Amino acid sequence: MSGRREQGDEQFPATPRVGDLDVDPALAAVVLELEQHASEQGWDQPASLFALVDTAALVAAEPALASAMGLDDAAAAGSLTPVEQDQLDPAVALEQSLQTISWPAEVGGCAAVVERLVLPPEADADIPEDPDEAARFAAEHPARQELRIVAGATRAGATYCAMRFRSHDDASSVVAGPDLVPELLELVVATLIDDPDEGNTTP
């Protein structure tokens, strides 16, 4: 992944408010919640995947589970609850794993959390074509930057992302918006599109 943003605070776009017209507030809220949760876990974590379920439906269908999670009818209105899936195989790239996943109908959305290295645009011409060599090149590049991405989508077509650079590891520097990582979002969205010729495969 290349095309690093300049790191001065003034270069970061303002984080969109959850109430912006082009943003699904429930999706934005759960993505930002997951970003905060991931930040509390620290860096150098494996990729993780979450099913997003309608909180009201979860409270109705699984009252004991909802109670254990601290959810109730008042908290349920218009919100999504993230349910972490079994840990993904760390030997398989998240992007590859997403291509094998689809969700049952009761799952209204999906969110992925992943750490990535980014390089400045001028490094693009030197990146090896072999994926393993490219990964090694990025890891050893002196101008590399580390970032954490949370990318979420719903069956209704809404998308939202949050990104945090390791060099700016504070909540005020989180960058958020509906289309920050289009290639990853495309893969997340694809997990929510039913294929009539194939059965659903959950992680």
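Contact here means heavy atoms within 4.5 Å of each other. The model is predicted, so local features need pLDDT of at least 70 and side-chain atom pairs count only at pLDDT 80 or more, while totals for chains, interfaces and linings use all residues. Residues are numbered from 1 along each chain as its sequence is written, and side-chain values use heavy atoms, leaving out hydrogens and water.

Helices (H or I, at least four residues) and strands (E, at least two) are DSSP runs, numbered from the N terminus. Helix α7 covers residues 182-190, and its Leu184, Leu185 and Val188 are buried, which means under 20% relative accessible area with a 1.4 Å probe and protein chains only. Down the axis of α7, the buried residues fall within an arc of 100° (taken from the directions from the helix axis to the C-beta atoms), so they line one face of the helix. Pro182, Glu183 and Glu186, on the other side of α7, are exposed (over 50%). The buried residues of α7 pack against α5 (94-98), β3, β4 (145-154) and β5 (159-165).

A nonpolar core is a set of buried Ala, Val, Leu, Ile, Met, Phe, Trp, Tyr and Cys residues joined through side-chain atoms within 4.5 Å. The table lists two such cores.

| Core | Size | Residues include |
|---|---|---|
| Largest | 24 residues | Leu49, Trp103, Ile149, Val181 and Leu184 |
| Second, separate | 19 residues | Val30, Val150, Ala158 and Ala176 |

The residues named for the largest core are those with the most contacts inside it.
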